[in-house]
Amino acid sequence: MAMSVNNDGEWGERMLVVIQLNKQTEQPAIRNSIQLLCEQRLARFQQPADIVFSDTLPRTEAGKLQRRQVRDQYRQIKIPVNKQQETL
């Protein structure tokens, strides 16, 4: 799992979570579980604006996540405005 902060004209910056799943995992179930967990434990402004799933995440030869590459790769994704944030 990695997090990226994307620039947003309306909100300034918004958090995007990128998750690498194995082939058998169901994306909708995982997305709902993560969103529910974030709603229960984080303030609204701390919650990720969107969750993206990826088959692979860039790693070094030692297996460490290459956060800069993740940030650069997902920086251009437009994060949709959800109903929670429309009420602010």
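Author: A word on the score comes first: pLDDT is the predictor's confidence in each residue, from 0 to 100. This is a predicted model, and the protein chain averages a pLDDT of 79, with 77% of the residues scoring at least 70.
Reader: Which helix has the lowest mean pLDDT among the elements, and which the highest?
Author: Helix α3, residues 83-86, has the lowest mean at 43, whereas helix α1, residues 27-41, has the highest at 90. Over residues 83-88 the pLDDT stays under 50, although the model has ten contacts beyond four places in sequence for that stretch. Where pLDDT is low, the predicted coordinates should not be read in detail.
Reader: OK, switching to the fold: in what pattern do the elements follow along the sequence?
Author: The order is β-β-α-β-α-α, which accounts for three helices and three strands in the protein chain. Of the contacts between residues at least 6 apart in sequence, 58% join residues at least 24 apart.
Reader: And what is in the largest nonpolar core?
Author: That core has seven residues, namely Ala2, Leu16, Val18, Val52, Leu57, Val70 and Tyr74, and the elements giving two or more residues to it are β2 (12-20) and α2 (67-74). Apart from it lies another core of five residues, including Val17, Ile19, Ile51 and Phe53.
Reader: Back to Ala2, what is it in contact with, leaving aside neighbours within four places in sequence?
Author: Ala2 is then in contact with Leu16, Val17, Val18, Leu65 and Val70.
Reader: How much of the chain counts as buried?
Author: Of its 88 residues, 28% count as buried, and the accessible surface comes to about 6700 Å², 47% of which belongs to carbon and sulfur atoms.

Note on methods: Residues numbered from 1 in each chain as written. Predicted model: local features only at pLDDT ≥ 70, side-chain atom pairs only at ≥ 80, totals over all residues. Heavy atoms only, no water. Helix = DSSP H or I, 4+ residues; strand = E, 2+ residues; numbered from the N terminus. Buried < 20%, exposed > 50% of the residue type's maximum accessible area, 1.4 Å probe, protein only. Contact = heavy atoms within 4.5 Å. Areas by Shrake-Rupley, 256 points an atom, 1.4 Å probe, with all protein chains shown as cover. Core = buried A, V, L, I, M, F, W, Y, C linked by side-chain atoms within 4.5 Å.
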